Amino acid sequence: MPAFAASAPGKIILFGEHAVVYGQPAIAVPVSQVKTRALITPNPAGSTGFVRIQAPDIGLDAKLEDLPADNPLLVAINLVIARLGVDRLPACTVRISSTIPVAAGLGSGAAVAVAMIRAVSAFLGHRLPDERVSALAYEVEKIHHGTPSGIDNTVITYALPVFYIRHLPIETLTVPREFTILIGDTGVSSPTSVTVGDVRRSWQAEPDRYDAFFHQIGNISQTARLAIEEGQPEKLGLLMDQNHELLQKLDVSSPELDRLVESARFAGALGAKLSGGGRGGNMIALVRPDSLELVANHLRIAGAVRTIPSIIHRHR
Ligand code: PMV
């Protein structure tokens, strides 16, 4: 039995976070500068079912059976085994390595799940189609997020820009003109489940007011889709600014995010917004390639612990 490896990129939400949980459209793109890799090496001398799991980035080196029942790596493996009707894995070592920062809105949880599901299913001789990989990764995502919209596992599985509406078939975007996004990380870790829960409580208290915010955000995602598909990505700047203002109204921004957003605009970005769950994690700015360095410097001075440039390549 040969070794099998699979990898999955990070992701960033361009428009529509939070509103997407309430049925509004959102746009997300893969971030291929960072990725997760799962490698499965058979251990023919070992007894069946002895699976060693290593994730050096988080200091994990354990027997699979010793992991807690809700460990995402264990859950991902068990989902594939159940799906394929296999009893247990042949003896092997599963190694996960990742350059995707954890809990920073870059989809590290979904990328680990996708890479793992692909590697395990290939190792068992049944490569799963993308649709199935995404559905299983969604099940793993529930451990992290509670009630995820499904956008992370979708964009990471397909590794293409997606226009995503919950419960509808996925739509990938055509990108006739490439554009550049700069990601700035506040370094503040903020669990998405907390902000999603807070937004839900606010919505329950004032449904009309919050539905109106979600609707406006949905309209921004629709307009952004047109701008991207018509080859006018420079229009995304203003839309990012508008989306950020609405996210502030949902109370998911933070002083750190606002500072980075403002400093990006000051340094010449065409627009900027927080990205993902909010109150920490990342912001994104739309930049012209020639101002990338300047904006990145300003972000670092304003407190960004990391900046990642990401080119959204042409895609037909
Ligand atoms: O924190 P992230 O990047 O995983 O994004 C969460 C996006 C939300 O819309 C806030 C939640 C969701 O499940 O879509």
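Here are some notes on the ligand site, a helix beside it and the nonpolar core of this predicted model.

1. Let's start with the ligand. There are 16 residues around the ligand, and those that come nearest are Lys11, His18, Ser149, Asp152 and Thr192. By class, the shell divides into 6 nonpolar, 7 polar and 3 charged residues.

2. A polar side-chain atom of Ser149 sits 2.5 Å from a ligand oxygen. For Lys11, the distance from an N or O atom of the side chain to an oxygen atom of the ligand is 2.7 Å. His18 takes part through its backbone: one of its polar backbone atoms is 2.8 Å from an oxygen atom of the ligand. As for cover, the ligand taken alone exposes 380 Å², and the protein buries 96% of that.

3. Which elements give two or more residues to the shell around the ligand? They are strand S1 (4-15), helix H4 (151-158) and helix H5 (192-205).

4. The buried residues in H4 are Ile151, Asp152, Asn153, Thr154, Val155, Ile156 and Thr157. Asp152 also belongs to the residues that come nearest to the ligand. Just after H4, the backbone at Ala159 has a positive phi of about 55 degrees.

5. Now to the nonpolar core. The largest one holds 107 residues, and Leu14, Ile53 and Met116 touch the most other members. Helix H2 (residues 108-123) is the element that gives the most to this core, contributing 12 residues. As general background, nonpolar side chains in soluble globular proteins tend to be buried together.

6. Leaving aside residues up to four places away in sequence, Ile53 touches Leu60, Asp61, Ala62, Lys63, Leu64, Leu67, Leu73, Ile77, Val94 and Met116.

7. Finally, a word on Thr180, which is found in strand S8 (residues 179-185). Is Thr180 buried or exposed? Thr180 counts as buried because its relative accessible area is 8%, and the cut-off for buried is under 20%. Not counting residues up to four places away in sequence, Thr180 touches Ala285, Leu286, Val287, Pro289, Leu292, Ser310 and Ile311.

Definitions and conventions
Residues numbered from 1 in each chain as written. Predicted model: local features only at pLDDT ≥ 70, side-chain atom pairs only at ≥ 80, totals over all residues. Heavy atoms only, no water. Near = heavy atom within 4 Å. Polar contact = N/O pair within 3.5 Å; in protein donor to acceptor, adjacent residues only side chain to side chain. Areas by Shrake-Rupley, 256 points an atom, 1.4 Å probe, with all protein chains shown as cover. Helix = DSSP H or I, 4+ residues; strand = E, 2+ residues; numbered from the N terminus. Nonpolar A, V, L, I, M, F, W, Y, C, P; charged D, E, K, R; others polar. Buried < 20%, exposed > 50% of the residue type's maximum accessible area, 1.4 Å probe, protein only. Contact = heavy atoms within 4.5 Å. Core = buried A, V, L, I, M, F, W, Y, C linked by side-chain atoms within 4.5 Å.
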